[in-house]
Amino acid sequence: MSFYFLVLDTNDQFEALICEEQSIDLALISALLRTSRLAASPPVHDGLLLWIDASQGARRREPNGRACILFSHLYGTRDPLVYGPLIVTGGTPEQPEALSLVRVDAALRDLFGIERGHDDPRQDGPS
C-alpha cells in the first residue's frame, strides 16, 4: 500500500508525494520545508497536521497565499502570514504519518475545496 503527504507551494500548486511507509521522519519534513524550525498546527479536519517553516528566515521567503487564507479560516486570525511551502500530514507533531489516498482526497476537499477527478494525486494541481 502506498501513502502520501501533500505539499502546497507558494505558486498555489499541490503535489502529493508518495512514500512506502506510513511513518514520516521529521527530518524529511524539515528538508522539504528547507528549515530546521518546524511548526505543526493543532490537528484539523480528522487529525490533519499543517506544517510550516517557523524560522526567523521564513519572512525572506515568498508568502503562501492559499495557506494564509486557510490559517485565517481555521484559526480566525487576521493576516496570518505563512511563508514558503505548507505540508499536510496525519499523525502527531512528534510522529507525523503519511495519508491514505482517501485521506488525501478528504484533505483536498475539506481544507482547500478541491475535488479530484482522477486516481493519481500526483497529477495536476488545482486549475
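The following legends describe close-up views of a predicted model.

Because the model is predicted, local features need pLDDT of at least 70 and side-chain atom pairs count only at pLDDT 80 or more, whereas totals for chains, interfaces and linings use all residues. Residues are numbered from 1 along each chain as its sequence is written, and side-chain values use heavy atoms, with hydrogens and water left out.

**View 1. A salt bridge joins Arg66 and Asp12.** A salt bridge is defined as a side-chain nitrogen of Lys or Arg within 4 Å of a carboxyl oxygen of Asp or Glu; by this rule the count comes to three. In the pair shown here, the N to O distance between the side chains of Arg66 and Asp12 is 2.8 Å. The two residues belong to distant parts of the chain, 54 residues apart: Arg66 is in helix H2 (residues 65–75), and Asp12 is in the loop between strand S1 (3–8) and strand S2 (14–19). Helices (H or I, at least four residues) and strands (E, at least two) are DSSP runs, numbered from the N terminus. Arg66 is partly exposed at 23% relative accessibility, as is Asp12 at 30%. Here buried means under 20% relative accessible area, exposed over 50%, and partly exposed in between (1.4 Å probe, protein chains only).

**View 2. Asp53 takes part in a salt bridge with Arg61 and a polar contact with Thr35.** The closest N and O atoms of Asp53 and Arg61 are 2.7 Å apart. Asp53 is buried, with a relative accessible area of 7%, and Arg61 is buried at 17%. Thr35, in the loop between helix H1 (26–33) and S3, is buried at 11%. The side chains of Thr35 and Asp53 are joined by a polar contact of 3.1 Å. Such a contact is a pair of N or O atoms within 3.5 Å; within protein, one must be able to donate a hydrogen and the other to accept it, and residues adjacent in sequence count only if both atoms are side-chain atoms. Leaving aside residues up to four places away in sequence, Thr35 touches Ser30, Asp53 and Ser55, contact meaning heavy atoms within 4.5 Å.

**View 3. Arg109 and Asp110 form a salt bridge.** Their closest N and O atoms are 3.2 Å apart. Arg109 is partly exposed, with a relative accessible area of 38%, and Asp110 is partly exposed at 36%.

**View 4. Two aromatic pairs are counted.** Phe14 and Phe112 form an edge-to-face pair, with 4.8 Å centre to centre and 65° between the planes. Phe14 lies in strand S2 and Phe112 in helix H3, so this pair ties together parts that are 98 residues apart in sequence. Both Phe14 and Phe112 are buried. The pair of Phe71 and Tyr75 is tilted, at 5.7 Å centre to centre and 50° between the planes. Rings of Phe, Tyr and Trp (its six-membered ring) pair if their centres lie within 6.5 Å; planes under 30 degrees apart count as stacked, over 60 as edge-to-face and the rest as tilted. Phe71 and Tyr75 lie in helix H2, four residues apart, about one turn of the helix. Phe71 is buried at 12% relative accessible area, whereas Tyr75 is partly exposed at 30%.

**View 5. Ala40 is located in strand S3 (residues 38–40).** Ala40 is partly exposed, at 30% relative accessibility. Not counting residues up to four places away in sequence, Ala40 touches Leu50, Trp51 and Pro93.
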